[in-house]
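Hi,

Here is the model I promised to pass on. Could you have a look at it before reading my notes?

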Amino acid sequence: MLQRPRGTRDFLPGEMEQRRAVEAAMRDTARRWGYREVCTPEFEELELFTIRSGEGIIGEMYVFEDKGGRNMALRPELTAPVLRLYVNEGRVLRKPLRWFYFADCFRYERPQKGRYRQFWQFGIELIGVDSALADAEVIMVGDDVLRRAGIRFSLHVGHLGFMRSLLSGLPPEDQRPVRMFLDKKNWQGLEDFLCSTGNADLAGPLADLVQCRDLEQAFSIAGGMPEEERVRETFAILDDAGVNYTLDAGIARGLDYYTGTVFEAFAENLGAENQVMGGGTYRLAHLFGGEDTPSCGFAIGFDRVMVARGDREPAAERVVAVVYSPEGRAYALEVAREFRNAGIRTELDLTGRSISSQLSQAAKGANYAIILGRREAETRQVTIKNLATGVQVQVPLAGAVDGVRSGDPR
Ligand code: HAM
C-alpha cells in the first residue's frame, strides 16, 4: 500500500470541518482589524529565502531545480514571499499595508507531534509603518486571533535590543550562534559556545536576562540601549490595552530578519512543540530591490492550534436524505434541488434499493429522511421522517424546506 509522504497528513471531512471553522474565525478577526488577504506562489526562487539567512537554511527546505535549470524552493514561511510581493506590486499602494495570509508551508524537519513537513500558517504583515503603536497592534491582533481560535496560551513579548546590548562586545559572527542557542533553548550548547569563545563571563548575565520578567531590571542587566524609549512605549500601550503578556527579554527568534520587538505565544496544553505564534519587527524589502521599509508581523502555527484545541466536534449540520421509489425518482431530483437551493445539505440515495433499506442507510448519517413515492409525486407532497424520533408527517413541498430548516416540520 502506498503511504503519504513523511511529515504530511491527510484530513477526513470531520477534521476538515473543524479546521475550516477555526480558519473562518481567524480570517474574521484579521478582517475586523482592517487586514486583507494576499496569496503568493507555493514555490519561489531559492534566493528569496537564502538572501537573508544564507545557504545554511537550504538543509531545512524543500529545494529543487526546475526544467529550466532554476533553483527553486517550496516556501518555508510567508514573510519573505509577502515582502517580495510588496516590492513587486505594492509600492504604489497606500501605506501602511495591512495584509494577512492563510497558507501551507514546507520545512524539511524531523517530524513529531506538532512538527510537520507540510503545515499551515495564519499570519499578518503590517508594512510601511514604524511606531510603538504599530508593533503593539500586531501583538494585539495575534492575541485576538488566538483567543478567537479558542485556545489557552501565554504571550511573551521582548525586544532584540536587550540581547544586542548585552552581547555588544562579541563580534557579529559570534552573536548569531548565541541567538540560535537561545532560540532552541539549548542552555548547555550556549554555555559551551561561550566558554570556547572566551566569553564565559556572559553566561551569568545572559541567564539573568532570560529569566527576568521586569522591565526595569531587564534594562539594568542589558545596559544602556538606544531603543529604550520605544520599548517603554510599546509595553505601555500593551498595558493600556489590557493585554495579558509576560516580558521575555530572552526571545531570540529562529529567523534572521528581526530587528526590534519580538514576541511568541505558547499553548498551555502542548508538549515540546508548544510555540503557536512567532513574530516581530523586521526589514526585508531593501534586500529584494525595494526601499528600506519597516514592517512587523506574525505567523500562527495553525496545526498546533488545532492540536491545542483537542477534538471538538463542530456544531452538527442538519442533513437531509432523499429516499424514493422508482416512480418517485424524477420528483426526488426536483425535491433534492429545492432543499439544496435553500442551503440544506441534501444527499440523494444512489443505489435504487428498497425504501426500507434506503431508510436504514439514511438513519446512519441524516437527521431527516424525505420519502417520495408515487403518491407524493402525484400530490406534490413530501413525507418527512424525523430519524431521531421516528415521527413522520406529510406536508406540501412548498412548506417542507422551511419545516426542516426550523427543525419542526408539520
Ligand atoms: P516561525 O516562528 O518560524 O515564524 O513560524 C511561526 C509558527 O509556525 C511557529 O510558531 C509554529 O507554531 C509554526 N511552525 C513552524 N514550523 C512548524 C512545523 N514544522 N510544523 C508545524 N508548525 C510549525 C515565521 O515563520 C515568521 N514568518 C513569522 C513572522 C511573520 N514574522 C514576521 N512576520
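This is a predicted model: local features need pLDDT of at least 70, side-chain atom pairs count only at pLDDT 80 or more; totals for chains, interfaces and linings use all residues.

Residues are numbered from 1 along each chain as its sequence is written, and side-chain values use heavy atoms, with hydrogens and water left out.

**The pocket**

The largest pocket comes out at about 1,200 Å³. For the search, a 1 Å grid is laid over the protein atoms alone: a cavity is a set of points where a 1.4 Å probe fits but cannot get out, a pocket is an open set with protein on both sides within 12 Å along at least five of seven lines, and lining residues have an atom within 4 Å of a point. Points are joined across faces, edges and corners, and a volume is the space filled by probe spheres set on them.

This pocket is lined by 46 residues, and those closest to its centre are Arg 107, Glu 109, Asp 183, Lys 184 and Gln 275. Two or more lining residues come from each of strand S6 (118-127), helix H6 (172-183), strand S9 (258-267), strand S10 (275-282), strand S11 (295-301) and helix H11 (302-309). The largest share is that of S10, with 6 residues. Helices (H or I, at least four residues) and strands (E, at least two) are DSSP runs, numbered from the N terminus. By type, the lining splits into 18 nonpolar, 12 polar and 16 charged residues. Here Ala, Val, Leu, Ile, Met, Phe, Trp, Tyr, Cys and Pro count as nonpolar, Asp, Glu, Lys and Arg as charged, and the others, Gly among them, as polar.

Of its 13 lining residues, Phe 49, Ser 53, Glu 77, Ala 80 and Tyr 257 are the closest to the centre. H2 gives the most to this lining, with 5 residues. The lining of the largest cavity has 10 nonpolar residues, 1 polar and 2 charged.

Ala 80 also turns up among the buried residues of H3. The buried residues of H3 pack against strand S2 (43-45), helix H2 (47-53), S5, S6, S10 and S11, where contact means heavy atoms within 4.5 Å.

The peptide bond from Lys 95 to Pro 96 is cis, with omega near 5°.

Two residues other than glycine have a positive phi: Lys 185, near 55°, and Arg 380, also near 55°. Lys 185 is in the loop between H6 and helix H7 (187-196) and is partly exposed, at 48% relative accessible area. Arg 380 lies in the loop between helix H14 (374-379) and strand S15 (381-386) and is partly exposed too, at 41%.

**Cysteines**

Cys 39 is exposed, with a relative accessible area of 70%, whereas Cys 105 is buried, at 0%.

**Two buried side chains**

His 159 lies in strand S7 (residues 153-159) and is buried, at 6% relative accessible area. A polar atom of its side chain is 2.8 Å from the backbone nitrogen of Gly 161. Leaving aside neighbours within four places in sequence, His 159 is in contact with Arg 164, Met 225, Glu 227, Val 231, Gly 260, Thr 261 and Val 262.

Met 306, in helix H11, is buried as well, at 10%. Not counting residues up to four places away in sequence, Met 306 touches Gln 18, Arg 19 and Val 22. Met 306 and Glu 15 are 291 residues apart in sequence, yet 9.4 Å apart in space, C-alpha to C-alpha.

Cheers

Conventions:
Buried means under 20% relative accessible area, exposed over 50%, partly exposed in between (1.4 Å probe, protein chains only). A polar contact is a pair of N or O atoms within 3.5 Å; within protein, one must be able to donate a hydrogen and the other to accept it, and residues adjacent in sequence count only if both atoms are side-chain atoms.
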